[in-house]
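Reader: I'd like to learn how to read sheets and salt bridges in a model. Can you walk me through some cases?

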Amino acid sequence: IVLMLLPGIVGAVSISGSFLDVDGNLIEEPILVEISHDEREWNGMTTENGHYQFDVEADSYILRAGSAPEGTWYYQVYYPNIMDVDEAEWVDVFNDIADVNFTLHAGGKFSGSVTPAEGGEFDQFAVSGQVMDENGNYFDVLYTFSLETPNDYTSIPVPPGMYTVRFATSPPDMHAATFYNGQEMTIIEVTEREILPDIDLALPLGGGITGSVSGDGTPLPGSYMYVYVLTDSPMSMYLPYTFGFVDGEGNFALYGLPVGDAYLQIYPSDPRYPGQFYGGVSELIDATAVPINSGEMTPDVNIDVELGANFFGTIRDPEGNFLPGDDFGVRAIDKNGGSLHGSVNYDPEDGTWRTRYALTPGPHTLRFVPEYGGNFFQMNYIGGVNFAWEAEWFNLGVGDEIGPIDINFTWGGSISGTLTDPDGNPVPDQ
C-alpha cells in the first residue's frame, strides 16, 4: 500500500482503499488519487499497485482518482464513481476506515498541436486545454490539462462522448482563448481506448483590458466580472467568454481576449451595490463595448457603481403562517423580463425578508417562487397575479428601500406522468 502522511497532522487516522476496473479486477498501473476537506486544496499521490492510504486529521473528506499522466485510459471520477464534485460522497474519517474503493472506467483521448497563429511556439506550461460539454459552457469545464512539449499535447482520459475543447494561455500572454476550429465550437467525438488525432489549434494574438471597480468612489476589492464576446452563435450572449477578479486595491487586468468588442458584467463584492454591465445597465444589449486591439491592453476601464435599491417585506403560506425555512425564492424582474437576483435574507421567526443583493435603478417587479418539489404553493408576482404585465411595478432609484411588501402564497397543483422513448421504454434522469 502506498501511504501518504499529510504534513502537520498529529494523531492521524487513516483512509485506504483500492482501484478496480468494471470487472472487479485490481488496476495495477499509475493512478493519481487525491483527497480534500474543502474542495479547494487537494493532496495527492500516485500509486501503481492498485491500493492507496492517506493518514489524515479526523474530518470529512472527498476523494478523486484517475490515470496519472504516465497511465493509460481511466478517467478521473470522484468517490465512489461521480463526475460532478457537487454530487461527490463525503467520507467521514473519524476512525481508521478501509475499503473506500473506486471503480474506474476506461475513456478515450485526443491529441494535436497548439501554436501561435503568427508562428513560433508556446512554453508548454503557459497553455492549458479545457474540455467542455458539447455546448461549450466555460463555467462547466470538465477537465483541464497542459501541453506535453512546447507545441504538442495528448489530453488526459475523458469519458466516451461528445465534447468541445478550448485552449487558453496564462497571463500576461495576450493570445486569445480559442475553441477547436475557431470560435464555432466544433464538436469532437471521443471513443473508448482510442486517441482522436489532429485536433490542432492556432491561437490568434488578442489583447486585454485594465481598469478598476469602485462603489461611490471607494475601491471594491474582491469583486468579480464576466466577459462576453459576441459571435455568430446565439449562445455567446448567454455563455461568458471568461471571467476575472478585482485585486486588493480595486484594480483588474484581463488578458487573452479576441480582437473586437468585449462586454463586462460586474458583480461588486459589497452587496449594497448592484451587479451590472459596463455602462451602468442591467442588460448586455444596452452595455458599453470595450474595444480590444491586437497585442494591446485597453487601459482605464474604470467602473464606479452607485448604491442600488432593495425590496423588503413578509411572506406567509396559504394558511397565514410564516414559512419554516428558506424554501422559496424571490426573483427581481427588470423591464426586459430578465430575472436578475434570486436570493433573499429571510428570518423564519417573524417571516421577514429582504433582497440580498441590491438592484440597479429602473423599473422592476418581483416574482415569488416556491421551492421546486417542496410544496404546492403557486408561483406569484406581486399582487398574487400570474403574469408580469399584471403585476405592480416600481421605478427604483439610487438607494431606495421599497416595502413592506407582504406576500401570501396561494395553493397550486402538480402534474405527474411518465416519459418513454418511441419504443415505450422508460427514459430516466431527464
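Author: We'll take a sheet, then some charged pairs. This is a predicted model, where local features need pLDDT of at least 70, side-chain atom pairs count only at pLDDT 80 or more, and totals for chains, interfaces and linings use all residues. Residues are numbered from 1 along each chain as its sequence is written, and side-chain values use heavy atoms, with hydrogens and water left out.

Reader: Which strands form the open sheet, and in what order?

Author: In general, strands of a sheet pair through backbone hydrogen bonds, either parallel or antiparallel. Here 4 strands line up as β30-β31-β28-β35, with mixed pairing. Strands are DSSP runs (E, at least two residues), numbered from the N terminus, and two of them pair if DSSP finds at least two bridges between them. β30 (344-347) and β35 (401-408) are at the edges with a single partner strand each, so one side of each has no neighbour in the sheet.

Reader: How many bridges join β30 to β31?

Author: There are 4, and the two strands run antiparallel. Aspartate 347 sits opposite threonine 352 in β31.

Reader: Which residue forms a salt bridge with arginine 64?

Author: Side chains of opposite charge can pair when their charged atoms come close. The cut-off is a Lys or Arg side-chain nitrogen within 4 Å of an Asp or Glu carboxyl oxygen. Arginine 64 pairs with glutamate 34, their closest N and O atoms being 2.8 Å apart. Arginine 64 is in β6 and glutamate 34 in β3, so the pair ties together parts 30 residues apart in sequence.

Reader: Is arginine 64 buried or exposed?

Author: Buried, at 15% relative accessibility; buried means under 20% relative accessible area, exposed over 50%, partly exposed in between (1.4 Å probe, protein chains only). Glutamate 34 is buried too, at 14%.
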